[in-house]
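Please examine the sequence and the model shown below before reading on. The explanation is meant to be followed with both in view.

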Amino acid sequence: MSKPVARLTRPAEMVASLPLSLGYTPEESLVVLCCHEPRGRVGLTMRIDLPSPELEEELVEEIETRVRDQDATRVLLVLYTDEEPGADLPRAGLAQAFREVFADLVVTDVLLVHRGRFWSYLCRNVACCPAEGTSVEASRDDEVISLIEAEQVLSGRVVLPT
């Protein structure tokens with residue numbers, strides 16, 4: 001019997017699935033998913049503490065090395081922080097630096113998660129990416145997320161608070 005495949009196609013699904021796959025909800029972290037064509041399957045997933053702003057360049061170099069070592073064709077980056085979004089999203093310079101170093105790859109998205117909401121650093125269309133962000137909880141009833149949750153329960157895994 002084959003295992004069902006969860007196809008994550010929307011940013012909300014990706015954000016909602018991360019605590020399930022990591023086993024906890026990250027805080028002050030960067031999560032990087034290396035994906036591989038032809039179907040965009042997830043390979044290496046990394047969670048790294050967010051450094052102080054003066055060390056962000058070193059972080060970008062380290063992440064670039066690791067992603068390239070994986071021969072990833074696609075990458076998704078998710079920043080978790082308690083820094084308040086204002087007129088600009090926090091750590092926008094870090095998000096831009098990743099876009100530049102991965103210009104030859106498909107950057108699926110660069111997302112910010114803050115207190116149960118998320119924003120895209122790449123999308124400025126208010127129809128899908130409102131200025132107030134999108135609720136992470138809104139996708140909890142999604143079929144794909146329910147499938148991943150069921151697989152976690154069957155394997156005896158739970159999501160810890162942090």
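The following paragraphs go from the overall chain to its sheet, its nonpolar cores, and finally its cysteines.

This is a predicted model, in which local features need pLDDT of at least 70 and side-chain atom pairs count only at pLDDT 80 or more, whereas totals for chains, interfaces and linings use all residues. Residues are numbered from 1 along each chain as its sequence is written, and side-chain values use heavy atoms, with hydrogens and water left out.

The chain has four helices and six strands; helices (H or I, at least four residues) and strands (E, at least two) are DSSP runs, numbered from the N terminus. Read from the N terminus, the order of the elements is α-β-β-α-β-α-β-β-β-α. The C-alpha trace spans about 50 × 35 × 30 Å along its principal axes. For 162 residues, a compact globule would have a radius of gyration near 15 Å, and the value of 15 Å for the chain agrees with this. That radius is taken over C-alpha atoms, and the globule rule is 2.2 Å times the number of residues to the power 0.38.

Of the 162 residues, 38% count as buried. Buried means under 20% relative accessible area, exposed means over 50%, and partly exposed lies in between (1.4 Å probe, protein chains only). The chain exposes about 9,200 Å², of which carbon and sulfur atoms supply 52%; accessible areas come from the Shrake-Rupley method with a 1.4 Å probe, and for residues only the protein chains shown count as cover. Among contacts in the chain with a separation of 6 or more, 63% are between residues 24 or more positions apart, where contact means heavy atoms within 4.5 Å.

The strands can now be placed relative to one another. They form an open sheet of six strands in the order β2-β1-β3-β4-β5-β6, with mixed pairing; two strands pair if DSSP finds at least two bridges between them. β2 (41-49) and β6 (134-135) stand at the edges with a single partner strand each, so one side of each has no neighbour in the sheet. Four bridges join β4 to β5, and these two strands run antiparallel. V113 stands opposite F118 in β5. In the hairpin of β4 and β5, two residues lie between the strands, and R115 takes a positive phi near 45 degrees. Strand β5 (residues 117-120) is in turn joined to β6 by two bridges, again in an antiparallel arrangement. Here F118 stands opposite T134, and R117 stands opposite S135.

The nonpolar interior comes next. A nonpolar core is a set of buried Ala, Val, Leu, Ile, Met, Phe, Trp, Tyr and Cys residues joined through side-chain atoms within 4.5 Å. The largest such core has 24 residues, of which L30, I63 and V67 touch the most other members. At least two residues of this core come from each of β1 (29-36), α2 (56-69), β3 (74-80), α3 (92-101) and β4 (106-114). The largest share, four residues, is supplied by α2. Apart from this core lies another, of 18 residues, including A12, L76, V78 and V136.

Individual residues show how these elements meet. Leaving aside neighbours within four places in sequence, L30 is in contact with M46, R47, I48, L50, L59, I63, L77, V78, L79 and F98. L77 lies in strand β3 and is buried, with a relative accessible area of 0%. Not counting residues up to four places away in sequence, L77 touches L30, V31, V32, F98, V107, D109, V110 and L111. With residues up to four places away left out, E13 touches R7, L8, D142, V144 and I145.

The cysteines remain. A search of the whole structure finds zero disulfides; a disulfide is a pair of cysteine sulfur atoms within 2.5 Å. C34 is in no disulfide, as the nearest cysteine sulfur, that of C35, is 7.4 Å away. At 0% relative accessibility, C34 is buried. The sulfur of C128 is 3.4 Å from the closest cysteine sulfur, in C123, which is too far for a bond. C128 counts as partly exposed, at 46% relative accessibility.
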